[in-house]
Amino acid sequence: MRPAAVTLWGVTVLPSDLKLSAVTPTESVDWAAIPSPAFVLDESRLRRNLELISYVQRESGAQIIVAFKGFSMWSAFPTLREYGITGATASSLNEARLAREEMGGEVHVYAPAYSDAEFPAILELADHLVFNSFSQWARFKPQVEAARAAGRTVHVGIRVNPEYAEVETDLYNPAGPFSRLGVTRREFRMDLMDGVDGLHFHTLCEKDSDTLERTLEVLERTFGDVLAQVKWVNFGGGHLMTREGYDIPRLIRVVRAFRERWGVHVILEPGSAFGWQTGWLVSSVLDVVHNVKDALLLDISVSAHMPDVLEMPYRPRILGAGDPPELDHHRETTEGAGGHPYIIGGTTCLAGDVVGEYVFDRPLEVGDRVVFDDMIHYTMVKTTFFNGVKHPDIGILHLDGSYERVKTFGYEEFRAKLS
């Protein structure tokens, strides 16, 4: 009998099976020594996530690949391979090429629609191809069959929409009303399944394994006859297994049971789980202005470098800062809350290029560092060069405490986006 599960660093684990390594304390980081602005990946935190992900892959029997839409920092790919991550999922030709050239292993591709111009190149790169509709499958089937006839192994899947989701934010709900993503049961074509050997669904967004379990119940009830005919099922992303409190034993149990029940290979493709809580966006104060309230102007842009703050919206954590009194009840911690409130804003001309108001325990001055937490997953892949403002560097804080600047952006990158 396995020992009872316990909570270790907020993550439910089996103590005899998993040893998570320690991480670099933020208090020990010399922020002033890191050139600003910069996205900083902490190697110790990435490796801790990979230890957990590798454990889930081993114990569940599922194949876990990295979703580039959430994490595609390719300078970190060698570290991912150390932990048995053998592939990636791409949503475009560019991501597929990055997967083949930098990640290695299997290349899985899904896009809502493929173009005639790009599909031949995508087919050349892909090991797994998922189609969003039967019309797209019928359109490109001759090319897939020709590749197979030439000796290529190309797995083909159809994305389905079980019309069940527990996602609170409409912007990130793939199974919402009138969704364009995936085939519903009403539109499913069993007569066009020849040549298709897998199914794909993606209905989660940073959810726990109990949501996955309920989703699978609906999937099996709705598409059970299809599941009986396929060889693999891709559970998509949104499995935030590295978040504090995530029920790891349940995930392993649910995946194992599904594999055994249907005799299929299971694929999970999280993005956030890899980069979750693995690093920061380091910025500096450029100016302090006053208009009834004090405002800090930083050398980053909310609009260009943290777009989810405006899109979702959400409120990022700033190290050493807390919330103003009226917001305290929305957060688990107000560490660092003192008597010095500031509105935090960026340097673009957009009036709404503002994070919000935060309280610091001391007055801030030009040159002081302001460090945003948990800025590696999704944030980095969604940045822009809006207004031509300086794009943050990309760097790695290594286990020995050394900092490596792996990418600096300049005028040429900005110019290359225009014509």
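Of the 18 residues of helix α1, 16 are buried, so the helix is largely enclosed by the rest of the structure. The model described here is predicted. Helix α1 covers residues 43-60. At 1.5 Å a residue, its 18 residues should span 26 Å, and the end C-alpha atoms lie 25 Å apart, which agrees. Just after α1 comes Gly61, with a positive phi of about 80°.

The chain as a whole contains eleven helices and 20 strands. Its radius of gyration is 23 Å. The globule rule gives 22 Å for 419 residues, so the chain is as compact as a globular protein of that length. Along the principal axes, the C-alpha trace spans about 70 × 60 × 40 Å. Buried residues account for 52% of the 419 residues.

Ser209 belongs to helix α6, which runs over residues 209-227. Its relative accessibility is 0%, so Ser209 counts as buried, the cut-off being under 20%. Leaving aside residues up to four places away in sequence, Ser209 touches Tyr246, Asp247, Arg250 and Leu251.

Most residues other than glycine have a negative phi, and most peptide bonds are trans. Phe178 has a positive phi, near 60°, although it is not glycine. This residue sits in the loop between β9 (155-159) and β10 (198-200). Phe178 is exposed, with a relative accessible area of 86%. Val292, also a residue other than glycine, has a positive phi near 70°. Val292 is placed in the loop between β13 (279-291) and β14 (293-298). At 72% relative accessibility, Val292 counts as exposed, because the cut-off is over 50%.

Cis peptide bonds were found as well. One joins Ser36 and Pro37, with omega about 0°. Pro37 lies in the loop between β2 (11-13) and β3 (38-42). The peptide bond from Met312 to Pro313 is cis too, and its omega is near -5°. Pro313 is located in the loop between α10 (308-311) and β15 (321-322).

Notes:
Residues numbered from 1 in each chain as written. Predicted model: local features only at pLDDT ≥ 70, side-chain atom pairs only at ≥ 80, totals over all residues. Heavy atoms only, no water. Helix = DSSP H or I, 4+ residues; strand = E, 2+ residues; numbered from the N terminus. Rg over C-alpha atoms; globule rule 2.2 N^0.38 Å. Buried < 20%, exposed > 50% of the residue type's maximum accessible area, 1.4 Å probe, protein only. Contact = heavy atoms within 4.5 Å. Expected span 1.5 Å × (residues − 1).
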